[in-house]
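Trainee: I should like to study this structure by question and answer. May we begin once it is displayed?

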Amino acid sequence: MTARTPLVSSRARDARLLAAAAGVLAVASVLSLFVGVVNVAPWSLFQPDTDAYRALVIARIPRLLALLLAGSSMAVAGVIMQQVTRNRFVSPSTAGTVESAVLGIVLATIWLPGAPLMARMLVAIATSLLGTFLFLQLLRRIRTADSIVVPLVGLMFGAVVSAIAAFIAYHYDLLQLVDTWTTGSFSRVLRGRYEPLYAVVAGLLLAYVYAARFTVVGMGERFAVNLGVHYRRIVNLGLAIAAITTAIVVVVVGAIPFLGLIVPNVVAMWLGDNVRRTLPITALAGAGFVLVCDVIGRVIRHPYEIAVGTIAGVIGCVVFLVLILRARAPRTS
Amino acid sequence: MTAVATPPTTASPAAATRDERPAVVRRRVAVLAALALVAVLVYQFAMVTGSWSYAMDLRLRQVGALVVVGVATGVATLLFQTVANSRILTPGVMGYDSLFVLVQTLLVWVFGSAVVVDLDVRVRFLLDAGVMTAFGLLLFRWVFRRNSRDLFVLVLVGVVLGTLFTSLTLFASRLLSPSDYLTLQDLTFASFNTVDPRLLSITAAITVVAIAAAVPLLRRLDVVALGHDTAVTLGVDYHRVVNQTLAVVTVLVAASTALVGPLVFVGLIVANIARQVLPTYRHRTLALGAALAGVIVTVGGQFVASRLLDFTTTLTVCVNLVGGLYFVWLLLREVSP
Amino acid sequence: MIRTDALRKAYGDTVVVDDVTLALPRGGLTAVVGANGAGKSTLLSVIARLVRADGGTVFVDELDVARTRSDVIARRLAVLRQDTHMTSRLTVRELVAFGRFPHSGGRHTAEDERIVTEALEFFELADLQHRYLDQLSGGQRQRAFVAMVLAQDTDYVLLDEPLNNLDMRHAARMMRHLRALVERFGKTVVIVIHDINFAAAHADHILAMKHGAVIAQGPPATIMTPDTLAEIYDFPIDVHVLDGTPFAVYYR
């Protein structure tokens with residue numbers, strides 16, 4: 001993968017940028033708590049037994065936390081996948097990972113009806129891992145590692161997995177539900193129903209700890225081995241983190257299309273490919289992006305809500321298209 | 001980007017003093033034709049329960065739709081793969097079906113379901129097919145610049161646009177009233193079982209015209225398959241031939257999707273069968289093979305799925321599944337995309 | 001005759017063919033030499049209308065290649081570049097037969113078949129004619145492609161680095177074949193070649209390029225001098241004459 005030269009280059013500037021981003025996100029987060037049907041004011045936190053308090057504690061704050069977690073972890077999952085596969089267009093949405101997780105949910109619903117969230121999550125994690133590693137096998141066999149071919153194969157592979165899930169779901173009359181699961185929405189996030197999402201924090205931490213190694217792997221197998229990094233092990237670890245994170249997010253919240261693709265790419269255009277440097281910013285950017293989409297979704301047709309997955313889908317597609325067209329090789333003979 | 005060079009199943013690698021293949025090819029085309037005929041006859045007449053005349057009428061319509069769509073999809077994918085220099089691409093993934101749904105949704109949103117339902121089904125069909133064709137043509141125009149690699153970009157753009165259309169549809173459908181939404185569900189449901197005969201004849205006509213337009217291109221397509229530089233050297237206007245071929249492909253895929261919905265991976269199976277079975281480079285023969293194989297796959301597939309295996313699933317779900325698995329298998333076999 | 005008039009081609013900011021006006025002599029073998037990046041391949045591509053020029057004109061037998069129908073040009077000029085990968089699974093004979101396309105549009109007459117057979121025999125491919133291309137060695141494939149060019153039966157044959165990927169024996173043999181195209185069939189052959197010694201040994205005329213411009217042209221005797229070679233390649237080169245043929249010696 002060709003490294004991109006960053007515009008910002010000093011440590012101090014990184015720290016300032018990070019602090020600024022975190023600050024903006026914090027402010028935006030707090031403000032978003034006040035958007036919604038029930039009128040909420042900052043002092044509602046101190047007035048238990050009012051509707052406003054309940055709205056805050058049961059719905060709004062959990063929703064916000066879920067947003068931040070989902071957005072940051074999916075963005076980070078994207079970065080990791082891009083590094084270990086050495087292709088900037090690989091992401092959970094373009095490698096069949098999301099679709100594999102959904103397949104897992106379908107299977108869990110059929111085999112373990114009425115089972116708790118955790119059980120479904122475990123099945124989804126299993127299928128997500130299987131699907132992602134199958135994609136890795138496909139990737140190994142594609143002889144040209146052309147930037148464009150890989151996501152195309154990934155998308156088609158995802159379509160195949162979707163077709164399998166649709167086939168099974170059709171038989172059990174679950175097709176409508178599959179659509180609901182596939183579209184990311186935070187409206188069903190309530191206190192007591194979303195806590196498993198916290199597991200993604202482990203993924204985020206692991207990603208940060210291994211960031212340097214992911215960068216090395218991103219430069220190629222020979223390079224990595226030369227520097228004493230266990231290539232296969234790190235690749236597998238990276239994909240596992242991405243697959244598990246995706247499964248957890250999809251089970252709790254649903255899929256947010258192309259999040260793991262566009263956020264890392266846009267960040268990398270500004271800050272380059274050094275994962276250790278860009279990881280925190282990418283996480284914040286992912287969280288911010290989802291936050292913005294969520295607010296738009298809640299505001300645009302107030303008091304009805306449009307799912308985050310839909311808004312993010314539109315924005316994500318447009319940005320993805322721009323990225324593709326920029327990546328197209330220039331006209332040479 | 002080189003595509004696969006898988007050895008055909010029967011040609012011997014040793015040097016032959018005479019080229020046996022033309023005879024082999026002719027025999028195999030005959031076999032394909034026979035199988036296609038058998039498939040159609042079996043579908044039409046086998047295992048009839050209940051009223052004979054009703055069944056005949058229903059089946060005739062279904063067979064008609066299956067044949068038209070099989071031919072259209074098979075030929076379209078074959079031609080597209082030649083121009084794209086790849087065995088794994090298919091125009092079906094490019095979001096035509098999502099566009100179809102989006103168009104219906106927008107119509108209902110803007111004009112209300114009452115108006116749309118009142119619209120003559122043929123007008124609606126032509127509108128759908130027309131919009132999809134325009135989409136395809138614009139996309140090709142916009143993305144395809146110089147060489148076959150651009151077609152990968154093209155397909156990727158198509159896929160992403162498909163997702164965009166789906167998201168926009170979801171967005172727009174949230175703005176509809178519940179009754180409008182229900183009507184929309186009906187309007188966007190397309191399947192083999194409920195084909196309107198008027199629409200069938202329109203699609204059949206479009207398919208015939210498009211393929212007829214493609215026939216003069218086929219010889220030059222043989223040369224285009226050799227790559228841009230060789231084609232230009234041999235005096236073929238590469239860009240013109242490719243653009244015209246892509247136009248034909250678009251029309252065929254749009255018409256087929258408007259009639260029965262998305263057949264994303266069907267073309268993939270059919271085109272690869274044609275190339276595998278017929279060891280020739282001549283597109284006149286390959287296109288014929290793809291048409292016949294298309295009939296066999298769609299008619300035979302639907303027969304097997306609905307009568308033998310007693311699936312209530314429609315062909316689209318089944319064949320997309322099989323085609324998709326075939327796609328994964330092609331990749332695992334180290335086929336270079 | 002092939003002539004160019006103020007021909008120009010740039011990729012982005014880099015000018016690769018810089019205002020080239022030349023006339024390639026009819027008949028004989030012309031070799032285009034120069035360092036990497038001198039613009040030789042691009043010049044060939046532009047002349048053969050594979051690539052559009054940014055300025056200037058190319059005339060083949062006084063026909064403007066940009067304005068004349070491609071198949072008309074194809075009956076006068078044939079070009080072979082280095083990248084010959086393609087999808088079709090063809091036998092050697094089928095590939096060579098494609099050379100007749102500009103003449104018969106894919107419908108092969110008896111005359112076409114005769115020419116194809118002749119081309120196959122000329123390049124000693126008759127035994128291999130029903131083998132698939134991917135079953136051949138690199139050298140055999142190269143010969144098959146040149147045989148296709150021969151079957152195209154044009155007055156002008158342009159080849160870009162025809163000796164790449166060929167070992168010594170096959171390279172020498174290919175040069176002898178190209179010479180035979182000139183002597184036996186009366187064709188005008190233009191090759192881009194980076195090995196100056198092969199050029200000197202077989203060409204009637206050498207064209208030297210540097211930074212997109214033609215800086216020297218003439219028979220081998222005039223080009224193969226230490227001063228001219230140093231000018232072309234930007235480093236000192238000795239010339240020794242053996243058996244009447246000049247050889248550039250630069251291996252140390």
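Trainee: Why is B:Thr90 classed as buried?

Mentor: A residue is buried if 20 or more other C-beta atoms lie within 10 Å of its own, exposed if 12 or fewer, and partly exposed in between, with C-beta atoms placed from the backbone. B:Thr90 is buried because the number of other C-beta atoms within 10 Å is 30.

Mentor: Before we continue, note that this is a predicted model, in which local features need pLDDT of at least 70, side-chain atom pairs count only at pLDDT 80 or more, and totals for chains, interfaces and linings use all residues. Residues are numbered from 1 along each chain as its sequence is written, while chains are lettered from A and ligands numbered from 1 in the order in which they are written.

Trainee: Where in chain B does B:Thr90 lie, and which residues does B:Thr90 touch?

Mentor: Helices (H or I, at least four residues) and strands (E, at least two) are DSSP runs, numbered from the N terminus. B:Thr90 lies in the loop between α2 (52-84) and α3 of chain B. Two residues are in contact if their C-beta atoms, placed from the backbone, lie within 7 Å. Leaving aside residues up to four places away in sequence, B:Thr90 touches B:Thr77, B:Phe80, B:Val264, B:Phe265, B:Gly267 and B:Leu268.

Trainee: How many helices and strands does chain B have, and what percentage of its residues count as buried?

Mentor: The secondary structure of chain B comes to 13 helices and 0 strands. Among its contacts with a separation of 6 or more, 81% join residues 24 or more positions apart. Of the 337 residues of chain B, the share that counts as buried is 53%.

Trainee: How far apart are the end C-alpha atoms of helix α3 of chain B, and on which residue is its kink centred?

Mentor: The expected span of a helix is 1.5 Å times one less than its number of residues. Helix α3 (residues 96-118) of chain B has 23 residues, and a straight helix would reach 33 Å, but its end C-alpha atoms are only 24 Å apart. The bend at a residue is the angle between axes fitted to the seven residues ending there and the seven starting there. In α3(B) there is a kink of about 115°, centred on B:Gly112.

Trainee: What is the distance between the end C-alpha atoms of helix α10 of chain B, and how many of its residues are buried?

Mentor: Helix α10 (residues 238-260) of chain B has 23 residues, which should span 33 Å at 1.5 Å a residue; its end C-alpha atoms agree with this, being 33 Å apart. Just after α10(B), B:Gly261 takes a positive phi of about 90°. The helix α10(B) is largely enclosed by the rest of the structure, because the number of its 23 residues that are buried is 17.

Trainee: Which helix supplies the largest share of the side of chain B that touches chain A?

Mentor: The contact takes 33 residues from chain B and 35 residues from chain A. On the chain B side, α5 (149-173) and α13 (315-332) each supply at least two residues. The largest share, 13 residues, comes from α5(B).

Trainee: Which helix gives the most to the side of chain B that touches chain C, and how does that side divide by class?

Mentor: Here 23 residues of chain B are in contact with 29 residues of chain C. Both α8 (218-224) and α9 (228-233) of chain B supply at least two residues, and the most, 4 residues, come from α9(B). Ala, Val, Leu, Ile, Met, Phe, Trp, Tyr, Cys and Pro count as nonpolar, Asp, Glu, Lys and Arg as charged, and the others, Gly among them, as polar. The chain B side divides into 12 nonpolar, 6 polar and 5 charged residues.

Trainee: What distance separates the centres of the two domains of chain C, and which helix gives the most to the side of domain 1 that touches domain 2?

Mentor: Domain bounds come from an automatic or database domain assignment, which gives domain 1 (1-76 + 156-213) and domain 2 (84-153) in chain C. Their centres, taken over C-alpha atoms, are separated by 22 Å. In the contact, 10 residues of domain 1 of chain C meet 9 residues of domain 2 of chain C. With 3 residues, the helix that gives the most to the domain 1 side is α7(C).

Trainee: In the open sheet of chain C, what is the order of the strands, and which are the edge strands?

Mentor: Two strands pair if DSSP finds at least two bridges between them. The sheet has 4 strands with antiparallel pairing, in the order β2-β1-β4-β5. Each edge strand pairs on one side only, and these strands are β2 (14-24) and β5 (63-64) of chain C.

Trainee: Which residue in β5(C) stands opposite C:Phe59?

Mentor: Strand β4 (residues 55-60) of chain C and β5(C) pair in the antiparallel sense over 2 bridges. The residue of β5(C) that stands opposite C:Phe59 is C:Asp64.
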